[in-house]
Amino acid sequence: MEFVMKQALGGATKDMGKMLGGDEEKDPDAAKKEEERQEALRQAEEERKAKYAKMEAEREAMRQGIRDKYGIKKKEEREAEAQAAMEANSEGSLTRPKKAIPPGCGDEVEEEDESILDTVIKYLPGPLQDMLKK
């Protein structure tokens with residue numbers, strides 16, 4: 001029966017025997033082999049990290065060449081300059097720094113007021129128009 005079972009299941013009988021509580025085969029060098037395997041994995045991981053670090057350094061050198069060629073600053077440099085400018089503006093101030101007003105925000109209100117005034121004057125009678133234009 002045992003022979004037929006082994007023949008039918010092939011190599012799975014060892015695993016079946018272990019699951020059923022049978023004797024496990026103990027390899028005297030198992031600990032040594034496992035340690036060697038772990039060391040090989042660590043070494044492979046270090047080599048992989050070194051490879052990718054080298055590739056990233058080459059990419060960064062290429063990026064820096066492009067930045068130098070076209071006069072582009074790194075994002076970190078731009079942020080550092082903006083932060084330094086904000087700190088310089090707020091130096092000596094007790095309140096938080098004001099937010100920058102986008103160009104054209106304050107000008108539009110005055111232009112709209114003038115255009116509304118012109119529109120109103122247009123609908124007034126002639127003598128009143130002359131009086132308001134002066």
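A: The model is predicted, with a mean pLDDT (the predictor's confidence in each residue, from 0 to 100) of 77, and 63% of the residues reach 70 or more. Local features need pLDDT of at least 70 and side-chain atom pairs 80 or more, whereas totals for chains, interfaces and linings use all residues. Residues are numbered from 1 along each chain as its sequence is written, and side-chain values use heavy atoms, without hydrogens and water.

The protein has six helices and zero strands; helices (H or I, at least four residues) and strands (E, at least two) are DSSP runs, numbered from the N terminus. Mean confidence is lowest in helix H1 (residues 2-9), at 54, and highest in H3, at 95. Where pLDDT is low, the predicted coordinates should not be read in detail.

The patch consists of Met62, Ile66, Tyr70 and Ile72 and covers about 460 Å². Patches take residues with over 30% relative accessible area and no salt bridge, joining like charges within 9 Å and nonpolar side chains (Val, Leu, Ile, Met, Phe, Trp, Tyr) within 5 Å. A salt bridge puts a side-chain nitrogen of Lys or Arg within 4 Å of a carboxyl oxygen of Asp or Glu. Areas come from the Shrake-Rupley method with a 1.4 Å probe, and for residues only the protein chains shown count as cover.

Ile66 lies in helix H3 (residues 30-70). Its relative accessibility is 44%, so Ile66 counts as partly exposed (buried is under 20%, exposed over 50%, partly exposed in between). Just after H3, Gly71 has a positive phi of about 70°.

Note on methods: Buried means under 20% relative accessible area, exposed over 50%, partly exposed in between (1.4 Å probe, protein chains only).
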